[in-house]
Amino acid sequence: MGEADDDDVQHVRHAVITGLRGGGTGLDAIERVCRACVDLLPVDGVSVSAMTGVASRERLYASDPVADRIEALQFSLGEGPCFQAFNTQRPVFAPDVRATGAAAWPVFAAEIVTEQVGAVFAFPLVSGAISIGALDMYRRAPGWLSPTRWRSRCAWWTSRPWCCSGCGSARSRARGATCR
């Protein structure tokens, strides 16, 4: 990575850590991290869901109505990029969801055509070896996240334990546990 990439990483690191230190609940931290994604990455919306499988899932945050609809579709259908990322513990990239989604998620792809969604990127949230949820990002227009932006702005924070700990804390709070 070059010096400009290092500056990008530092910028993201600062924005996310500042957001996480802002006080409030685990859900507040998730919202701040998602807003940083929209502000710093070439995406139009973000959502985060906690889950233990197809039958047990909860949307924790959606940045806008389209992100909320993407989550709702996936949850009602039991398929889509968030489930694939959750199950495989690997990022899922659909830079042109209309062209590539039909093979992976035929029902989801058929339903998403009514939305202004050109691309979807889903990232697993894991704690150790356990999947605990997924973070989805969408773009209105088809297209990839550029390799430089992906490497310098996204990979750094999605692989960090504090990204997942906010989700785990929120999920624990939703079940009535206290967050320490």
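I took a contact to mean heavy atoms within 4.5 Å. On that basis I found that residues 24 or more positions apart account for 59% of the contacts with a separation of 6 or more.

I noted that this is a predicted model, in which local features need pLDDT of at least 70, side-chain atom pairs count only at pLDDT 80 or more, and totals for chains, interfaces and linings use all residues. Residues are numbered from 1 along each chain as its sequence is written, and side-chain values use heavy atoms, with hydrogens and water left out.

I then looked up the secondary structure, with helices (H or I, at least four residues) and strands (E, at least two) taken as DSSP runs numbered from the N terminus. The protein has eight helices and five strands, and their order along the sequence is α-α-β-β-α-α-β-α-α-β-β-α-α.

I counted a residue as buried when its relative accessible area is under 20% (1.4 Å probe, protein chains only). Of the 180 residues, 47% are buried. In helix 4 (residues 81-88), I list P81, C82, F83, A85 and F86 as buried.

Last, I examined the nonpolar cores, sets of buried Ala, Val, Leu, Ile, Met, Phe, Trp, Tyr and Cys residues joined through side-chain atoms within 4.5 Å. The largest has 18 residues, of which V46, V48, L135 and M137 touch the most other members. Strand 4 gives the largest share of this core, four residues. A second, separate core of 16 residues includes A62, V66, W105 and V120.

Conventions. Buried < 20%, exposed > 50% of the residue type's maximum accessible area, 1.4 Å probe, protein only.
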